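I opened this entry to log what I looked up, item by item. Confidence comes before the fold.

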Amino acid sequence: MSRIWTPLTDPDDWGVVQDIEPSTRMRELPDGRMMGESRITLSEDAMGEIFAGYRCARCLERQESAFPEHCRASWCRFPMREHQSRQIELDFVGQQPNSPLGFNLERELDYLEQTHYVKKGSVTPGKEI
Ligand SMILES: [Zn+2]
């Protein structure tokens, strides 16, 4: 098994991401850059942990307790207690823990854009410009 994805907080917790399939599809990011899309396949155990709240649905880091208030990864801090269920719906819609596994990165990005996109054009330029 290759180490496609390596956890940062738990060195023994690898093998979660079993496959990343490159795709020929491209998407344009809000800043104009183009990014290739890929589909990530997770292990069955990891999927179960995500559904049970023991693994962050956003960064895939393993958690010490189910549905912590925030993901324990310092770079993520995903509010799992509040948003994990919604994240699962977005990323794993139509999937069961025992079905062929994987989630769509495109959905992930769409969600991030929806939640973090700041509307442009509402700021009045300062006089010093
Ligand atoms: Zn996380």
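**Confidence**

I note the terms: pLDDT is the predictor's confidence in each residue, from 0 to 100. Helices (H or I, at least four residues) and strands (E, at least two) are DSSP runs, numbered from the N terminus.

This is a predicted model, so I held local features to pLDDT of at least 70 and side-chain atom pairs to 80 or more, while totals for chains, interfaces and linings use all residues. Residues are numbered from 1 along each chain as its sequence is written.

The protein chain has a mean pLDDT of 75, with 59% of its residues at 70 or more. Over residues 96-101 pLDDT stays under 50. For that stretch the model has eight contacts beyond four places in sequence. A contact here is a pair of C-beta atoms, placed from the backbone, within 7 Å.

**Layout**

I counted three helices and three strands in the protein chain. Along the sequence they run β-β-α-α-β-α. Of contacts between residues at least 6 apart in sequence, 38% join residues at least 24 apart.

Next I looked up burial. A residue is buried with 20 or more other C-beta atoms within 10 Å of its own, exposed with 12 or fewer, and partly exposed in between, with C-beta atoms placed from the backbone. By that rule 17% of the 129 residues are buried.

**Core**

Which residues make up the largest nonpolar core? It has eleven: Val-16, Ile-40, Leu-42, Ala-46, Met-47, Ile-50, Cys-56, Ala-57, Leu-60, Cys-71 and Met-80. The largest share, three residues, comes from α1. The term covers buried Ala, Val, Leu, Ile, Met, Phe, Trp, Tyr and Cys residues joined through C-beta atoms within 7 Å. In soluble globular proteins, nonpolar side chains tend to be buried together.

**Helix α2**

I checked the span of α2 and found its end C-alpha atoms only 14 Å apart for twelve residues. A straight helix would reach 16 Å at 1.5 Å a residue. The expected span is 1.5 Å times one less than the number of residues.

Met-80, Gln-84, Gln-87 and Asp-91 are buried in α2. Down the helix axis, the buried residues fall within an arc of 75°, so they line one face of α2. I took the arc from the directions from the helix axis to the C-beta atoms. Glu-82 and Arg-86 are exposed on the other side of α2.

**Loop between α1 and α2**

Gly-53 sits in the loop between α1 and α2 (80-91). Why is Gly-53 partly exposed? Gly-53 counts as such because it has 18 C-beta neighbours inside 10 Å. Beyond four places in sequence, Gly-53 touches Ala-66, Phe-67, Met-80 and Gln-84. Gly-53 and Ser-85 are 32 residues apart in sequence, yet 8.5 Å apart in space, C-alpha to C-alpha.

I then looked up backbone angles. Most residues other than glycine have a negative phi. Phe-67, not a glycine, has a positive phi near 50°. Phe-67 lies in this loop and is partly exposed, with 13 other C-beta atoms within 10 Å. Arg-77, also not a glycine, has a positive phi of about 55°. The place of Arg-77 is in the loop between α1 and α2. Arg-77 counts as partly exposed, with 14 C-beta neighbours inside 10 Å.

Conventions
Two residues are in contact if their C-beta atoms, placed from the backbone, lie within 7 Å.
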